Amino acid sequence: MQVMQFPLKILTVAGCRPPNSWSSLCKRTMYNAYTVLTCLLLLTFVLPQLMDIILNVDNPDDFTDTFYVMLGMVIAVCKMLSLLLNRKNIEMLTATLEENPFRPLEEDEIEIRQKYDNIVWTYSMFYTILVEMTCGCMNLTSLFTDFRKGNLAYREWIPYECSDTVYYFTYFRQLISLTVGSIVNVAWDITICGFLMHIYCQIEILECRVKKSLRNRDDLGECVHQHNHIYKFAHIMNEKFRIILAIQFIASMLVVCSNLYRLAKTTLSLKYIPLMSYTICMGMQIFIYCWYGNEVKLKSIQLSDEIFGMDWVTADKKVKENLIIIMNRSLIPIEFSSAYIITVNLDSFVKLLKMSYSVFNILKQTREEY
């Protein structure tokens, strides 16, 4: 069974990874055209909203009305660009998980891999359903409110007369673009979190191999080799995706505080539900990175304690030296950072929430001045 099956399928739906079976020139051209269409839908949502902020917005209420959705789509554009630029890197990382020394060899190791494959599938499915239900809720609410009144779903700058036909085109283009943006966000999020979960899985497989080597009096050279490769794998991930993680942190903070501001001034109505759902999704989006990043960090540190608790006393000198190498290396945790500034862990998530609340207070004070 291929690792990362579900995330890779969502990448294909998002237009970021052509199916392996589509090897003919005709099918590749069709998929490339689909990718271009996806990019155009994202850009035609973001650019008119950006122009609206520049040309039309003159108060905090109008600013947050445009800003809260635009930022989510800006993240989607950045993620789309990152996924397209890192197509080969994603394929390389996925292939690495199926090659030595990461490939499970014995039944117990296969069971560990299967367990974490199931965890990745379960959480990816849950997250995908959550995001797409929120997107559907936003679209349906708009259809029952904005569409019936002849308003657009979201504010944007329109450089043309909005006749009936043009209005229908613009309105449904917004809904389709929002759905595409949600799929791109999901594709990137579950791919990165899937890789983080498999790093955790590899550390657990390493523990299993060390125990068996000590029990069978085998050399631990391969275990040292695997431990080194786990750190290399994590380093490559951090190098390739750290910029987007930084953008995600900043954007999530601004969206959460913007949504809090909108929730504070919104009375209980039909539009309150999608706004609350959207806020929860944006918080969840950054929480899953921090959660999995924190779990990988703790697991990499705990490896030293796990080894110390094993039966190493009667092992020969060479085995003990290899154990010391692994234990010394595990003193430096596997830690992910966004642009080398913010570490991806639960402490950072708490700081982000506090900062969001601070920015929310600033927006609230600015509104009171108007």
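## A residue in helix α7

Ile183 sits in helix α7, residues 164-215. Helices here are DSSP runs of H or I with at least four residues, numbered from the N terminus. This is a predicted model, where local features need pLDDT of at least 70, side-chain atom pairs count only at pLDDT 80 or more, and totals for chains, interfaces and linings use all residues. Residues are numbered from 1 along each chain as its sequence is written, and side-chain values use heavy atoms, with hydrogens and water left out.

Ile183 counts as partly exposed because its relative accessibility is 22%. Partly exposed lies between buried (under 20% relative accessible area) and exposed (over 50%), using a 1.4 Å probe and protein chains only. Leaving aside residues up to four places away in sequence, Ile183 touches Ile10, Val13, Ala14 and Glu132. Contact means heavy atoms within 4.5 Å. Val13 is 170 residues from Ile183 along the chain, yet their C-alpha atoms are separated by 7.7 Å.

## A nonpolar patch

Leu43, Leu47, Leu50, Ile54, Leu55 and Trp157 make a nonpolar surface patch of about 540 Å². Patch residues have over 30% relative accessible area and no salt bridge; nonpolar side chains (Val, Leu, Ile, Met, Phe, Trp, Tyr) are joined within 5 Å, like charges within 9 Å. A salt bridge is a side-chain nitrogen of Lys or Arg within 4 Å of a carboxyl oxygen of Asp or Glu.

Leu43 belongs to helix α2, residues 25-55. With 36% relative accessibility, Leu43 is partly exposed.

## A negative patch

Asp218, Asp219, Glu222, Asp316 and Glu321 form a negative surface patch. Asp and Glu count as negative. Asp316 lies in the loop between α9 (272-308) and α10 (317-330). Its relative accessibility is 44%, so Asp316 is partly exposed.

Conventions:
Accessible areas come from the Shrake-Rupley method with a 1.4 Å probe; for residues, only the protein chains shown count as cover. The place of a charge is taken as NZ of Lys, CZ of Arg, CG of Asp or CD of Glu. Helices (H or I, at least four residues) and strands (E, at least two) are DSSP runs, numbered from the N terminus.
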